[in-house]
Amino acid sequence: YQRRVHGEQKPASYAKAAKDKSVLEHFMEIVTSWCEQITKYIEDDPSNVPLDKTVDSGPDVEIEYWSRRLLTLISITEQLKTKPNRVVTGVLKARALRTEPEDAKVDDNMLSEQEQVRNLLERWREVDLAITDALNEAKDNVRFLDNLGKVIEALYKETPSALVDIMPSLMNSMKMIHTLSRHYGTEVRMTNLFCRITNQLINRCKEDIYGGQGANGLWTQEAEAVIQKMNAAIRLCEEYRAHYKETKAKLSQMPKGKQFDFDETVIFGKFTRFRRRLEKLIDMFSSIKQFKALEKKRIDGMEELIHSFDNLINEFKLKGHDLLDFNNTVFERDYVEFTMHNSGLENAIQDFMERSLMQMSSIEKQLELMKKFQDVVHREALQEDIEHKYL
């Protein structure tokens, strides 16, 4: 029937169609369906809900979401402007303007057909305005997020060391969104966006540390290389938070403007836990580096200690932990057990050094052996022991 009325496209045709009860009921069902579906789509906006802590995707997901939302809203607007859909509202408007005899025959507890149509059209008018508002919001958000997108491209390809250099421009872009965007600069949306940036910084650090080898491949890398990459990740964590605080401080000098009053625990919490894990792993890989160096020096009498440490590391490897998964609490228990055994081995190294030096027949040989130890001992406690007792 829409096509037939569409072919005529005249007020008289609309008025005629409005008298057909089946046509009118069908068109009312169509508009009711539009109201329900469009309202649901507009209101079901996940960007207004705090990000779930388990989400680990980056800011590209947010940019893609708003680009898709904009295209969807444009599509909805264009569809509603088509002639067949204009026929539907045209017929309902014709019925709303024309009072029929049956409209006067309803009791006070019921709405007449004309009143029902008028109420539906009012509801549709509100939905139509909501579409316009949502479309303008999406356009504004996409404009600001597209500018951010140019900055965050580096978050997906640069090393953590290189990412330190983009922190100022990243924070400046976030400040611009917060202070200038009419729609995006809400507390929830900005916090979510910061959380997604944190996620991607962590993801990129993990990729860099794994070196493209996956979780199990971490053990096959040189300990020194792993330590350097982990230290770079820690520095990125520090710089990220430092530039956030610097931007926050600058905004506070303009008290009338919008501030960075976001929950920093929510924004930086994951990075803080990731950093703690890295510090433990640096401690572990420093021990690996030290024992590898001791093995290369081939110091007589150290074989048993080196063998014990190799067994300790192999036992830890067999536990199958993803070392960079800071949500894995079982790792924490196993790490404590590792450090207890490792501490015992380090004490044994101290005892071995002391006995070996005491057994040396000359000062020259003592100095020669002490030089060997100095070259390979990297753990702070052992270095302090050498310096305190023998230097």
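Predicted model: local features only at pLDDT ≥ 70, side-chain atom pairs only at ≥ 80, totals over all residues.
Residues are numbered from 1 along each chain as its sequence is written, and side-chain values use heavy atoms, with hydrogens and water left out.

First, the overall picture. The chain has 15 helices and zero strands; these are DSSP runs, H or I of at least four residues for helices and E of at least two for strands, numbered from the N terminus. Of its 391 residues, 45% are buried. Contact here means heavy atoms within 4.5 Å. Among contacts with a separation of 6 or more, 76% join residues 24 or more positions apart.

Now, the inside. A nonpolar core is a set of buried Ala, Val, Leu, Ile, Met, Phe, Trp, Tyr and Cys residues joined through side-chain atoms within 4.5 Å. The largest one here has 105 residues, and Phe194, Tyr240 and Phe274 have the most contacts inside it. Helix α6, residues 113-152, gives the largest share of this core, 15 residues. Leaving out residues up to four places away in sequence, Phe274 touches Ile202, Cys205, Lys206, Ile209, Ala233, Leu324 and Phe326.

On to the aromatics. Rings of Phe, Tyr and Trp (its six-membered ring) pair if their centres lie within 6.5 Å; planes under 30 degrees apart are stacked, over 60 edge-to-face, and the rest tilted. That rule gives 21 aromatic pairs. Take Phe194 and Tyr244: their ring centres are 5.3 Å apart and their planes at 80 degrees, so this pair is edge-to-face. Phe194 sits in helix α9 (residues 187-210) and Tyr244 in helix α10 (residues 223-252), so the pair ties together parts 50 residues apart in sequence. Phe194 is buried at 0% relative accessibility, and Tyr244 is buried with a relative accessible area of 0%.

For a stacked example, look at Trp219 and Phe285, with 5.5 Å centre to centre and 25 degrees between the planes. Trp219 is in the loop between α9 and α10, while Phe285 is in helix α11 (residues 264-297), 66 residues apart. Are these two buried or exposed? Both Trp219 and Phe285 are buried.

There is also one aromatic cluster whose members include Phe194, Tyr240, Tyr244 and Phe274.

Next, helix α5, residues 83-97. The expected span is 1.5 Å times one less than the number of residues. For the 15 residues of α5 that gives 21 Å, and the end C-alpha atoms are 21 Å apart, which agrees. Thr89 lies in this helix and is buried, with a relative accessible area of 12%. Beyond its neighbours within four places in sequence, Thr89 contacts Trp34, Leu121 and Trp124.

One last stop: Leu251, in helix α10, is buried at 4% relative accessible area. Where does Leu251 come into contact, leaving aside neighbours within four places in sequence? The partners of Leu251 are Lys175, Thr179, Lys258, Gln259 and Phe260. Leu251 and Lys175 are 76 residues apart in sequence, yet 8.7 Å apart C-alpha to C-alpha.

Technical notes
Buried < 20%, exposed > 50% of the residue type's maximum accessible area, 1.4 Å probe, protein only.
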